Amino acid sequence: MEAIYQFVHLESSDSLKDFTQQKLEKLENKFDQIISAEVHFRKQEGNEPPNAFICNISLSVPGPNVFAESTKDSFEAAIADCVKELDRQLTKKKEQIRTY
């Protein structure tokens with residue numbers, strides 16, 4: 001699976017890319033119809049919530065794309081939350097395909 005990473009107003013981080021790639025590979029092993037992924041990282045500075053780390057992941061799959069967004073205290077937690085949500089959505093999508 002091809003993954004495109006975008007860091008919005010941040011320096012690119014290889015360790016963050018590697019962590020995300022490991023999580024996405026687990027999804028790819030479970031769901032073989034994932035074509036590509038687009039991952040966006042950004043940091044929201046402000047008072048509410050303070051220093052929020054935001055991760056958006058969009059998966060290109062047959063049919064409508066699958067999208068998840070998470071705001072947490074660290075990028076790793078946001079990535080894990082996004083992947084958990086994507087897993088739930090892909091499981092639901094896979095069950096719908098099987099019923100037809």
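Tutor: Buried means under 20% relative accessible area, exposed over 50%, and partly exposed in between, with a 1.4 Å probe and protein chains only. This is a predicted model, in which local features need pLDDT of at least 70 and side-chain atom pairs count only at pLDDT 80 or more, while totals for chains, interfaces and linings use all residues. Residues are numbered from 1 along each chain as its sequence is written, and side-chain values use heavy atoms, with hydrogens and water left out.

Student: Is Cys55 buried or exposed?

Tutor: The relative accessible area decides the class, with buried meaning under 20%. For Cys55 the value is 0%, so this residue is buried.

Student: How many disulfides does the count come to?

Tutor: A disulfide is a pair of cysteine sulfur atoms within 2.5 Å. The cysteine sulfur nearest to that of Cys55 belongs to Cys82 and is 4.1 Å away, and Cys55 is in no disulfide. Cys82, likewise in no disulfide, is buried at 1% relative accessibility. By this rule the count is zero.

Student: Which handedness does the β-α-β crossover from S1 to S2 have?

Tutor: Helices (H or I, at least four residues) and strands (E, at least two) are DSSP runs, numbered from the N terminus, and two strands pair if DSSP finds at least two bridges between them. Strands S1 (residues 2-8) and S2 (residues 36-44) run parallel, joined by seven bridges, and Ala3 stands opposite Ala37 in S2. A crossover is right-handed if, with the strands pointing away from the viewer, the path from the first strand over the helix to the second runs clockwise. Here the chain passes from S1 through helix H1 (residues 14-30) to S2, and the crossover is left-handed.
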